[in-house]
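Subject: Structure handover

Hello,

Here is the structure I said I would pass on.

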Amino acid sequence: MDTAFLTFLGISVLVVASPGPDTALTVRNALVGGRRAGIFTALGVLVGQVVWAMATSVGLVALLLASEPVFQALKLVGAAYLIFLGIQSLRSACLHAPRPSAVPTASRGTKFSRLRAFRQGVINDLANPKMAVFFASVLPQFAPEGRGMLSALVALGLVFAALTFVWLALYAAVVARAGVFLRGPRVRRAIDGTAGAALIGLGIKVAVEER
């Protein structure tokens, strides 16, 4: 592997390991629905990043970033979606009285719709303006100019997406494993409340952040 690709891998690992909206959503879904829900959320994020990679390779992301109104709209949509998910978690913590029957069990992960987790992962990633900035500003620096640039951009995007999926899937497995010890109704409500506050905080941060 050449130095440029190793540098790209190093940057990608740092970006992937940095907590953000995708990580927060994966943790929340893994706690609510178990390991499978977390992994399907990570799979949705993977698909979202593949879309970003394809859009970058054909120049759509550059056009998006060049249009301030479009970028701001995307940012507000992403922020609103995170806040919406956070409010859902807070409602779950505040409105649902703790009952033993409502406590997640080992099979709870199958009751949390995999399609729902997957869909949330896709939307959450596509509505994250930081992904647009990363793909448009970082990937072209490591793609050779000329006829091979298109395929190189796609390949780099797929590598980044794969790294993200592996990291989030491992995260989901660890969180779900720890969740076995957090099955009490009071603890569950506290987790829902904390996750809700974190998602709302991230949504506000996305809304007010500059590029």
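Overall

Please keep in mind that this is a predicted model. The protein contains 10 helices and 0 strands, and its pattern along the sequence is α-α-α-α-α-α-α-α-α-α. It has 211 residues, of which 43% count as buried. Among contacts with a separation of 6 or more, 86% are between residues 24 or more positions apart.

Helix 2 with helix 3

Helix 2 covers residues 21-33 and helix 3 covers residues 35-57; their axes come within 6 Å and cross at roughly 155°. Angles over 145 degrees count as roughly antiparallel, so helix 2 and helix 3 are roughly antiparallel to each other. The crossing of helix 2 with helix 3 is right-handed. On the helix 2 side, the contact is made by Asp22, Leu25, Thr26, Asn29, Ala30 and Gly33. Helix 3 contributes Arg35, Ala37, Gly38, Thr41, Ala42, Val45 and Gln49 to that contact. By class, the residues in the contact of helix 2 with helix 3 are 5 nonpolar, 6 polar and 2 charged.

Helix 2 with helix 7

Helix 2 also packs against helix 7 (residues 114-126), at an angle of about 165° and with the axes 10 Å apart. Helix 2 and helix 7 are therefore roughly antiparallel to each other. Their crossing is right-handed. Pro21, Asp22, Leu25, Arg28 and Asn29 of helix 2 meet Arg116, Ala117, Gln120, Gly121, Asn124 and Asp125 of helix 7. The residues of this contact divide into 3 nonpolar, 4 polar and 4 charged. Asp22, Leu25 and Asn29 are listed in the contact with helix 3 and again in the contact with helix 7.

Helix 3 with helix 8

How are helix 3 and helix 8 oriented to each other? They pack at an angle of about 45°, with their axes 10 Å apart, and are therefore oblique to each other. Helix 3 passes helix 8 in a right-handed crossing. Gln49, Trp52, Ala53 and Thr56 of helix 3 make the contact with Met131, Ala132, Phe135 and Ala136 of helix 8. The residues of the contact of helix 3 with helix 8 comprise 6 nonpolar, 2 polar and no charged.

The N-terminal end of helix 8 is capped by Asn128, with a side-chain oxygen 3.1 Å from the backbone nitrogen of Lys130.

Single residues

Val45 is part of helix 3. Its relative accessible area is 1%, so Val45 is buried. Leaving out residues up to four places away in sequence, Val45 touches Asp22, Gly121, Val122, Asp125, Thr164 and Leu168. Val45 and Phe165 are 120 residues apart along the chain, and their C-alpha atoms are separated by 7.2 Å.

Thr56 is another helix 3 residue. With a relative accessible area of 10%, Thr56 is buried. Apart from neighbours within four places in sequence, Thr56 is in contact with Val61, Phe135, Ala136 and Leu153.

Leu153 sits in helix 9 (residues 149-179). Is Leu153 buried or exposed? Buried means under 20% relative accessible area; Leu153 is at 5% and therefore counts as buried. Not counting residues up to four places away in sequence, Leu153 touches Thr56, Ser57, Leu139, Pro140 and Ala143. Leu139 is 14 residues from Leu153 in sequence and 6.2 Å from Leu153 in space, C-alpha to C-alpha.

Ala79 is in helix 5 (residues 68-95). Its relative accessibility is 3%, so Ala79 counts as buried. Ala79 and Ala207 are 128 residues apart in sequence, and the distance between them is 5.4 Å, C-alpha to C-alpha.

Regards

Conventions
Residues numbered from 1 in each chain as written. Predicted model: local features only at pLDDT ≥ 70, side-chain atom pairs only at ≥ 80, totals over all residues. Heavy atoms only, no water. Helix = DSSP H or I, 4+ residues; strand = E, 2+ residues; numbered from the N terminus. Buried < 20%, exposed > 50% of the residue type's maximum accessible area, 1.4 Å probe, protein only. Contact = heavy atoms within 4.5 Å. Axes fitted to C-alpha atoms, helices over the stretch in contact; angles between N-to-C directions. Parallel < 35°, antiparallel > 145°, perpendicular 65-115°, else oblique. Left-handed = near helix turned anticlockwise from the far one by under 90°. Nonpolar A, V, L, I, M, F, W, Y, C, P; charged D, E, K, R; others polar. Polar contact = N/O pair within 3.5 Å; in protein donor to acceptor, adjacent residues only side chain to side chain.
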